[in-house]
Amino acid sequence: MKKSKQKKLKVGIVGYGYMGKIRKKIIEENPNLELIGICDANRNLISSDSSVRCKIYDSYRKLLKSDVDMIFVCTPNYFSPEIVVNSLKENKHVFCEKPPGRNLSDIELMIEEEKKHPSLKLMFGFNHRYHPGILEAKNFIESGKFGKILFLHGTYGKSGGVNYLESWRNQKDISGGGILLDQGIHMLDLFRFFCGDFNEARGFLSKMFWNTEVEDNAFVFLRNELGQVSTLHSSATLWKHTFKLEIFLEGGYLIVSGLLSKTGSYGRETLTIGRRQFEDESFALGNPREEIIYFDQDLSWSIEVEKFAEYIIQDKEVDNSSSKDAMKVMELIDKIYRDETIMDGHIFKQKGENKQ
Amino acid sequence: MKNVVFSDVGREVEFKPDSIYENYLKLTESDIKKEFRNKKNLSLSNCPACKSLKNTKAFVKFSLQYVECQNCGTVYVCPHPGDDQIKEHFLNSPSIHFWRDTLSKVTEHKRKEKIYGPRFDWIIDMADEYLSGTKNMGDFNSKDVGYIEELLRNNYFDTKTIVNPYFDINDIKAKNLKSNLSIVSDLETAFPNKNSINIATAFEVIDYTSNVEKLMNTIKNMLCKGGLCFITTISISGFDMQVLWENSRSIFPLDRINVLSQKGIKLLSKRHGFEMLEYSTPGILDLDIVEHELKNHPDLNIPRFVKTILERNDEKLNYDFQNFLQVNRLSSFVRIVLKKK
């Protein structure tokens, strides 16, 4: 990354939980950015972190009154729309974590305000687009070597998690939805990243195991006007942290498996490239030679933040992870939630099993 | 940084048919002993990878001394032959004539399928990803006429420059394949052509290059910013090299006077200011090479554990073991992609 001679953009972070801490590190590493303030309702979260060198704010409104140029909104879903809207009103560029609010109304609210400030940039945190396996797959597909995409399968899931039952993510009034909105949204965004918009969306949602207000499993089916089909299983009961995106094309297949992450719990990130065999080849069909690429470094967070800074510095239109992308993915989720009422885990109840 | 793994199988004998390869080694031994009878024609050198002067004697092959660098573990011939001596050997020695007239012809088909084809796929995939516009490539220090012929048939590159060839260029001219081709006879002449290429290739070239420093400097100077350098080589850190050591049939002068370690390769690229985009060891032959040596020399002293694996005679186990070597960058066949910053 080049050292910039221009004035640094002043940054504020609202929300200092898991994502806020990640953003702080990435912002501090970026030569174009200067972190000047962090705000969290729980001040102790910030003051107990000895690495924090900037000013601590108790209220995000006070942070907005400072001379920050851009705000990173890293709060629970319920709070994001209001903070985004007020930041835009205060003439600040805004980067908001996914999901973009709890529902369609939330993202519509943010877009409405965005339209009033054409010079400001609004971007959402769909960092999976910048994972090395995804970028490599995207480049490969765009080279046209394997022809058109036929269909995609995605599996993204976890094993509940620490304090899963107590987490705000499972309180419907705060989160807006369950595992599909929290984690599955990344895979839906990737489906759009590869295939564009989907006009049909169906889904089965279930509360199979966890006793929460929201779904712990979502099985989703999408189809677009080209006839490309995508299926997603988003789950909080996979027990083994799993990320797998399979892309089948006319000339072969690509599989992104594992995700480089802080804990490494999703396994090593790999891209498998399999070239379709043809009838006249001498070796056995159905078991093609594969090439597997292993990736060592996750630059997704820094590429994403670098891109956001670039949009602002060069006054470019946000063309990746934009509010339009956020809107489109929320429309899909809205269709799926409307398509299927969440089924309670009545089967287990009848068997008298104790849910945790 | 990427690490690419291939699910493929291979047999050493497909590339080195036993009796023919043995003949080649015997002829090479005879040539080297004659060519370097007078050791005063050799000069002391530091490590080709990390430049350290500290080394210890490793073994002697065909009368030449191999040493092991105490800093990075690279194994290399010291005292070292000069570039002119190496070129003379690869142009005119009886062993090289045998290679070109006999050995390369027998293995030509396999080399095209398993080596040259994947090599071009690799370059094109990476160039498509990282480069835009015209593709101007330079190949450095090659002695492999078969590969150069395939390169000249390839239409992907807009211009091709053959730098410092270690073969008779009349062999190429006779085939009338020289579209968009320039030939630069040595590194000194090539060096001033700053920013003239955006793809550099050096396939199994570091292995026999007398002055690796000069080679890397020339590549770096000729590459434009963001340009890519593709290198393949054999590494002493790889499985069959570590197990067989001086008994490896792949280590002998002059074909392999520099056998760099993994650490050495990384230090070399870092010292020359390159960003390493890929370090892979997609070799498919390590275990087969050891098995083959053990069959031919049952008294060979190799680790018991390796013997145990081989005695199982289990194709699946062998495949999984070779796959393990690739995934963990422990095969001796190395391929790297460097990007000029």
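# Reading loops, helices, strands and rings

Mentor: Leu254(B) lies in the loop between α9 (239-244) and β10 of chain B. The model we are reading is a predicted one.

Trainee: What kind of peptide bond joins Pro253(B) and Leu254(B)?

Mentor: Look at omega. Between Pro253(B) and Leu254(B) omega is about 0°, and the bond is cis. Cys78(B) and Pro79(B) are also joined by a cis bond, with omega near 0°. Pro79(B) sits in the loop between β4 (75-77) and α3 (83-92) of chain B.

Trainee: Where is Lys51(B) found?

Mentor: Lys51(B) belongs to the loop between α2 (18-35) and β2 of chain B. The angle to read there is phi. For Lys51(B) phi is near 75°, which is positive although the residue is not glycine.

Trainee: How are two packed helices described?

Mentor: By two values: the angle between the axes and the distance between the axes. In chain B, helix α4 (residues 94-130) packs with helix α5 (residues 145-153) at about 45°, and the axes are 8 Å apart.

Trainee: Which residues of α4(B) and α5(B) meet?

Mentor: From α4(B) come Arg100(B), Lys112(B), Tyr116(B), Arg119(B), Phe120(B) and Ile123(B). From α5(B) come Val145(B), Gly146(B), Tyr147(B), Glu150(B) and Leu151(B). Sorted by class, this contact has six nonpolar, one polar and four charged residues.

Trainee: What is the order of the strands in the open sheet of chain B?

Mentor: The four strands run in the order β2-β3-β4-β10, and the pairing is antiparallel. β2 (55-61) and β10 (258-259) are the edge strands of this sheet in chain B; each has a single partner strand, so one side of each has no neighbour in the sheet. The partner of β2(B) is strand β3 (residues 64-69) of chain B, joined to it by six bridges. Within β3(B), Glu68(B) is the bridge partner of Thr56(B).

Trainee: How many aromatic pairs does the structure hold?

Mentor: Over all chains there are 32. A ring pair is described by the distance of the centres and the angle of the planes. Take Phe72(A) and Phe308(A): the centres are 6.0 Å apart and the planes are at 90°, so this pair is edge-to-face. Phe72(A) is in strand β4 (residues 70-73) of chain A and Phe308(A) is in helix α9 (residues 300-313) of chain A. The two are 236 residues apart, and the pair links distant parts of the chain.

Note on methods:
Residues are numbered from 1 along each chain as its sequence is written. Chains are lettered from A and ligands numbered from 1 in the order in which they are written. This is a predicted model: local features need pLDDT of at least 70, side-chain atom pairs count only at pLDDT 80 or more; totals for chains, interfaces and linings use all residues. Side-chain values use heavy atoms; hydrogens and water are left out. Axes are lines fitted to C-alpha atoms, for helices over the stretch in contact, and angles run from 0 to 180 degrees between N-to-C directions. Contact means heavy atoms within 4.5 Å. Ala, Val, Leu, Ile, Met, Phe, Trp, Tyr, Cys and Pro count as nonpolar, Asp, Glu, Lys and Arg as charged, and the others, Gly among them, as polar. Two strands pair if DSSP finds at least two bridges between them. Rings of Phe, Tyr and Trp (its six-membered ring) pair if their centres lie within 6.5 Å; planes under 30 degrees apart count as stacked, over 60 as edge-to-face and the rest as tilted.
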